Amino acid sequence: MFEKSLTDLIRGIRANKKNEQKYIASCLQEIRQEIRTNDPDIKATAVSKLTYLQMLGYDMSWASFHVVEVMSSPKFPQKQTGYLAATQSFGQDTDVLMLTTNLFKKDLASGNHLEVGIALNGLSHIVTPDLARDLCQDLASMLSHSRPYVRKKVVLVLYKLFLKFPEALRLSFPRLKERLDDPDSSVICAVVNVICELARKNPKNYLSLAPQLFKLLNASTNNWMLIKIIKLFGALTPLEPRLAKKLLPPITHQIQTTAAMSLLYECIHTVIIGGMLNSSGNSDSLAAMCVNKLRIFLEDPDQNLKYVGLLALSKILPTHPKLVSEHRDIILKCIDDADISIRLRSLDLLVGMVNRKNLFDIVKRLMAHLLPSNYNGPSTDYPPLSTLLEPAYRSDIIHRIIYICSQNSYSNITNFEWYIAVLVDLTYVAGVNVDELLKSQIMDVGVRVKSVRQYCVKTMQRLLSDKDLLENCKLPQTNAKVLYAAAWITGEYCSYLEKPLETMEYLVQPGVTKLPHEVQAVYIHSVLKIYAFWVTNLTYNWDEDARNELLRFTGILKDKIGMFCSCTDLEVQERAYNIREIFSIIHQNLTTTDSIFEVENVYGKPPKVLSELFLLFFSYELNPVAPKAQKKVPIPEGLDLDKWINEPLPESESSESEEEESYGYGYGQKLGGSWDLIFSSGNGTTIGRRRGRKSKEYGSEEDEKTKERRRNERRERIKNDPFYIEVNEKESLKRTNSNGSSNRIAEDIDIDSIPIVHLTMNEFDFKRNKKSSKLKKSKGSKQGKQQSSSSPPTSPIIYTDVGEMPENATLSDEEKEKKSIELNKSWDTLSKKNGILDIDFSGIANVDLSTPLGDNEKLPQTASDKSKRALREKSNSKTSPKSKNVEIDEKPSKAKVSSRKKRKEKDPSKEKDLSKQKGRKSGQKKMKNTAISEISEISTTSTKINTEVGVVEIYDNKTPAKTLVDSDDIQIVRSLTEVINEPPTIIVEFSLHNKSSLRSPLSQIAFSFESTSDIQFDNTFIEIEDMLYYDGKKDVSVKFKVPGIVGVGLSVSGNVSYTIKSDEEIKTNNDIPIRFELPLPVFMLNVPRITSEQFSTLISQTSEFPFTGSTTIRLNTSNSIEQAFQNELIRLTTIATGTHIVEQVPGAITIYGKSVQGYQVAGLAKLTVEDDSGITKKASIKIDIKCTDQAFVDGLIREIEQLFREEL
């Protein structure tokens, strides 16, 4: 009585801000007590409060069983609270989920569509593989529910079931496919959504739906459905190229006319990925239209539209770069956008738009994002800095600049001096570590482009002289390794140096010891190369001044090189010592006063050591070499690589003692020529050579004493050898095999008896060697990962075909094809990865929908279903298939015929009574009787009416018959014979006709039906034991109940199977589908007529008829309009609606009726004549119907439209 409600709980939490935890703890104690009560209202309130606290982070898993109790409440508000709590708190591992299976089954079969809706919504959140397996049959049967609201939700929930239980997709797909023809557009939209999501995993499965989807594409006006259909076609078109030609007109029409930006983007995206820009004849005009439409996206202030516009342009760029380049102005504006994703997409476009004409402008615009506004470097004409960018983004810009400049062997660059200046400018971008990339680019351009070497050397000298760059080399994220390329370029091409002495001073200045060790090594080597070049120039003008200058500068270099000798790096230290020694030798030769130097000095000749120094580095020009130049080297004539260079030595006739000495064991062994083994001692002297001998020599018998003497000598020789492990003879005796024989130790084996096998390279299996090497690599993968992670990331080196190649060498076809593929790679493809949505975690992609269902493939059945089927089969095997619900007669019984006659006899009398009560004229009576007689003639003569579905045979004025199966073997016609009021039960009579072309009897005829939430069969399997002979007929009566809601789409589904036995073969036709919709007029009762006053009173109460529907039918005015109007009124009341006429006035009638379910129907039919001043007049009937149920009135309107087939 005094429990807190959810509102009280929320107010209390807000009022206790300071002691919120304490207040909530006390509330939880109250909730624990309330939730254990037997009062369902208190328990539901406690669950709602607990659900709110769960959203604040408190655990409610302890109350999961009580949540299930609230879910099973018969009251809708409490049930809604329970399902809400379940969706928020239940997980895949919740224990009580196994108790919810029957609860879901009960709620899914409820007559209240709102309860069905919350059950479906809850199932979509908490479905597990077990629930999916147990409920998939129920959900599949609910696809034919009378309520579009339920059918739509069932379709969407099935997608969640497929993710948990993929096998259900193959079993339920035929029924899901039927919903594409659903009369309700929301159901079709739901089906298209589900199929579109399923097609992301495996689009090939849904290629068969292309005709239905194309029909929907042309007929639908729902933009969201069109978006999904077009997206689905985008996935199907690459699998079937012929679809592109078919889809091009409707998609082009949508692009030209639609105002919805989302639909416009999907159309353009489908045109791109579907290959329509390449397959169609007017691809250029189509691409131009798409690009112009995408410009609207870029001009829109919405960031999302701008992003998708750039994304679509990047996909058009590979095929139509010129069209995209026309919009370069607006793409460049997107680079300055504040959104990082838009900037990256615009950069992708700029990379693909680059050519010789616009390269300078694009690079200048990109450089503006990197260089500070006060930078005064080599290129000072950059625009001001646009945005402050993160280091990662700036590094990405630098990589893109290098890529667009170096792609296709630098084909877009016309001025390499400009490119060198750009690389130097990029060096000064603070906080970005791209030194490896810049170093490789500077060296690559300097080596490959001879015309730029002079400018490159001059620029590199400026880098070497930069003290700020040298001082900050220890700071993180610097580009100090660019000095590696600067030192190497100035050393290799020192002939372009204007001041070599100044450059050498830069290379040996004190601050260079702060540089990385690899850079210091290049510095030392470059000093020697520049020194050699400078000394060579001095020798041409050799005099005393040149000698003194050389002597002075050599002493300076010798002293400064000494600071590198204490470096911890071995490479730097070794180079420093070697160069300092060279300088010492030169300095010593210059300072000596011996006679040899004086004589050379008299004749004006420098020391010989100076002239020899230049030849060490500059004898040959260093040119770039093609990557595959070594493979292209032609084999010289007369060269035989398999021939001996030196003939092997002949067999030596040495004594036995010398031969024994050749087996000496040394510390080192090496291979000699002609597969010899050379043994050497520790001091390097050769102590013996053993050559391969014939195996027969080792096979000769020797004296046992000689063998023993050799073993003893060998043991004594290796006794003190640290590389051999001594083994005791006692331990050797313990080593025995399982069969008792002892294993011999190495010293007990006669080495002379081991045969020598000569191996060749052809005997090796390289494939196995590769596999073994992979296994070895996998063992050390951790160490390799650690090494790779420590190295800085670099961009892939761009190998070009510029370089030296051997004479008469050409590229092969494979190399040309590989090269063209690499050149066509764009920046986007270098880092293309699959998204997370493209990965299939459920296994749906492995489901194959192309093959038909087998006999053993059926939806899983519950234990109760299996037991019922077993009992049914058992009873069918003992007794005949006749039961209360099923009647099988070859001829109709007398009772049945008499009942039919009575019904037919009653109908005319009722019509006569109706005409008397309303006081109609005699002419009208005759007219009506004539119409009724015409309808009776139609029923007796079985007139056939061609429709889109098939051939319809009208046997009765209220229940028209329909041909369900019409094959070469059998014809099945159904007709509704009886309707029982409470509960709503229908008896359907199937008429079977054997018309086999083989004139053979049909046996093992069986019907199987599917019970749904709306239609329930007492016996779903019916088997006919008797044979149906040729041209024979049989009638089968089936009874089923309709407990659910009656509306549009209520249908009966099942299968029929039979066997044909002939002299030659036995043919079995299994699972022939049968399906027919139940006409709503069959549910109308024969209620007593009401007066016009009662009708007026009933209509005035609008709350009794809240649902309305209307339609218009056109009259056939070949006869008089009045007569046509009367004829159509009879068809309207007796066949289309099952109602009776309340009142009739000239040109209008009112009708009324009541269904088995209690739905009341009232309507007005009014004649309208259009005078077009012609000979013939157009007339139509407008029908307005009111009803107490929306689904029923929609069904009646549909029945009217299908009957008259002329809708305005």
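F1017 is buried, at a relative accessible area of 8% (buried means under 20%, exposed over 50%, partly exposed in between, with a 1.4 Å probe and protein chains only). This is a predicted model: local features need pLDDT of at least 70, side-chain atom pairs count only at pLDDT 80 or more, and totals for chains, interfaces and linings use all residues. Residues are numbered from 1 along each chain as its sequence is written, and side-chain values use heavy atoms, without hydrogens and water.

The structure holds 16 aromatic pairs. Rings of Phe, Tyr and Trp (its six-membered ring) pair if their centres lie within 6.5 Å; planes under 30 degrees apart count as stacked, over 60 as edge-to-face and the rest as tilted. Two of the pairs are listed here.

| Pair | Centre distance | Plane angle | Class |
|---|---|---|---|
| F360 and W418 | 4.5 Å | 50° | tilted |
| F1009 and F1017 | 4.8 Å | 10° | stacked |

F360 is partly exposed, at 29%. W418 is buried, at 17% relative accessibility. F1009 is buried too, at 6%. A cluster of ring pairs links F990, F1007, F1009, F1017, F1040 and F1076.

Now to helix α2, residues 20-34. Helices (H or I, at least four residues) and strands (E, at least two) are DSSP runs, numbered from the N terminus. In α2, the buried residues are Y23, I24, C27, L28, I31 and E34. They cover an arc of only 140° around the axis, so they sit on the same side of α2 (the arc is that of the directions from the helix axis to the C-beta atoms). Q21, K22 and Q33 are exposed on the other side.

Notes
Expected span 1.5 Å × (residues − 1).
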